[in-house]
Amino acid sequence: MNDRSTVLQQLIEQFERGERRALARLLSLVENEHPVGLSAMAALYRRTGHAEVVGVTGPPGAGKSTLTNALIRAWRTRGRSVGVLAVDPSSSLTGGATLGDRIRMLENWADDRVYIRSMATRGQMGGLSTAVGASIHLLDAFGFDTVCVETVGVGQDEVDIAEVADTVLLLQVPGLGDSIQTIKAGILEIADILVVNKADAAGAAEVVRDLRNMLRLGEQRAWVPPIVETVATEFTGIDNLVSQIERHQAFLSASGEGAARLARRLRAEVARLARRQLTAHIDAVIASNAVDETLIQLETREIDPLSAARIVARIAADRLSESASVAG
Amino acid sequence: MLNTVEPNAEVPPRVGPIRVLIAKPGLDGHDRGAKVMARALRDAGMEVIYTGLFQTPEMIARAALDEDVDVIGLSILSGAHRALFPRIFQELRAAGLDDVLVVAGGTIPDEDVAALKEIGVAAVFGPGTPIETAVRFIRENAPNRSTV
């Protein structure tokens, strides 16, 4: 047995005993796509499926981290354990990141049933990081009742959170534009609950009115997103918000929408991972001398670029299926 | 059961960015140095978790544990380093974080540096240290934790 297998087994045993250090290490190893992390995920996935996953999204400065902090307190009061993933952007220039969400969530730092982890997007667009899906699974497998995912500050079109969360909270704040913003396609369409934060600030009533009108314009749906006013810094409206989250969770299980969403999500997750696998192998093939002959044929115009690409894709797919059978 | 989950040796380990916790222990309210450092490390391609002012040794250890950082940068200008740093290391050891690189910056008199290194501080960057010196030290000395 090699060192890696020993480390893997130790980490899995510690994780199953509930040791935070093992959870923290595995989150890193999964995020870095380290073989130990990927193998641990394969072993631990069967433990998932118990957590409710709540997404918190909205524009920069809307109060996502502060609201998350308030939600942690409310969930803990109700006896729920909470794992948080807080995503901030990586620099597209250097790859570095300043992860500053944790600073707003220090209230519960000593609570053993609260775990907060900062993540950088690492080049992923859409408001999340590539590893968020796997990280949610790990927190779920660790046994947290609620997993809360805070996206980067988003604009209009970062809707990836809907692919991982059961319930999506969309924060709006006063001062970001008129009612025409509320009838655009995009992020408003994925909200399960609309949160008007900073509800004590000037213009909040207009935001609520615009959102209400937007909802009236739409077709009748089984779930109409409630509008919840909060002042997260003062914990105002948070109990109502948690009740609305619970109501949405109840709707998901009673209506069958939860099962339908789960099926869609699993399909989307597999598609995402499969694309990523294939892309990695294509990159490897392109960087190797396996394509030299094909490229010469392309240069001499014996074949065209699309035909060359199909040859590369075929080699990549063959290598992928070989490595899959080795791993399986 | 676990024997069936052999790590796949075909895939080379991908090394992630260095993760750094920047924290200010103690009661002084001056965080400019810490923010300058956080920014410089970010620009050097690292992931910097910034927890800000007034951190107790217990809070620092908990954040380092949860965030699985490779490096902890402590900024202190209150003069309380001789009291706080041993307690920070005590908490880190209790959390099993012996392999984390700990560096310090701020107003730390030269005569205290040896004592801090004794308890485990890898480097002390006093006033006037060029930013690049600190960044290079961290880059060259951060533990490579992907070598499992």
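This is a predicted model: local features need pLDDT of at least 70, side-chain atom pairs count only at pLDDT 80 or more; totals for chains, interfaces and linings use all residues.

Student: How many cavities of 30 Å³ or more does the structure hold?

Tutor: A cavity is a space where a 1.4 Å probe fits but cannot get out. Here there are two of 30 Å³ or more.

Student: Which residues line the largest cavity?

Tutor: Chain A gives R20(A), R102(A), M105(A), L106(A), N108(A), W109(A), V114(A) and I116(A). Chain B gives R62(B) and D66(B). Now look at the elements. β4 (114-120) of chain A and α2 (57-67) of chain B each supply at least two lining residues.

Student: What classes of residue make up that lining?

Tutor: Five are nonpolar, one is polar and four are charged.

Student: Now the domains. Where do they fall in chain A?

Tutor: The assignment gives domain 1 (1-47), domain 2 (49-255) and domain 3 (264-327). Take domains 2 and 3 of chain A. Their C-alpha centres lie 37 Å apart.

Student: What area is buried between domain 2 and domain 3 of chain A?

Tutor: Buried area is what two parts lose on being put together, summed over both. Here that is about 550 Å², with 37% from carbon and sulfur atoms. On the domain 2 side, T130(A), H137(A) and E163(A) lose the most area, together 65% of what that side buries. By contact, eight residues of domain 2 meet five residues of domain 3.

Student: How many salt bridges are there between these two domains of chain A?

Tutor: Two. Find R265(A) and D166(A): their side chains meet in a salt bridge at 2.8 Å, N to O.

Conventions:
Residues are numbered from 1 along each chain as its sequence is written. Chains are lettered from A and ligands numbered from 1 in the order in which they are written. Side-chain values use heavy atoms; hydrogens and water are left out. On a 1 Å grid over the protein atoms alone, a cavity is a set of points where a 1.4 Å probe fits but cannot get out, and a pocket is an open set with protein on both sides within 12 Å along at least five of seven lines; lining residues have an atom within 4 Å of a point. Grid points are joined across faces, edges and corners, and a volume is the space filled by probe spheres set on the points. Helices (H or I, at least four residues) and strands (E, at least two) are DSSP runs, numbered from the N terminus. Ala, Val, Leu, Ile, Met, Phe, Trp, Tyr, Cys and Pro count as nonpolar, Asp, Glu, Lys and Arg as charged, and the others, Gly among them, as polar. Domain bounds come from an automatic or database domain assignment. Contact means heavy atoms within 4.5 Å. Buried area is the accessible area (1.4 Å probe) that two parts lose on being put together, summed over both. A salt bridge is a side-chain nitrogen of Lys or Arg within 4 Å of a carboxyl oxygen of Asp or Glu.
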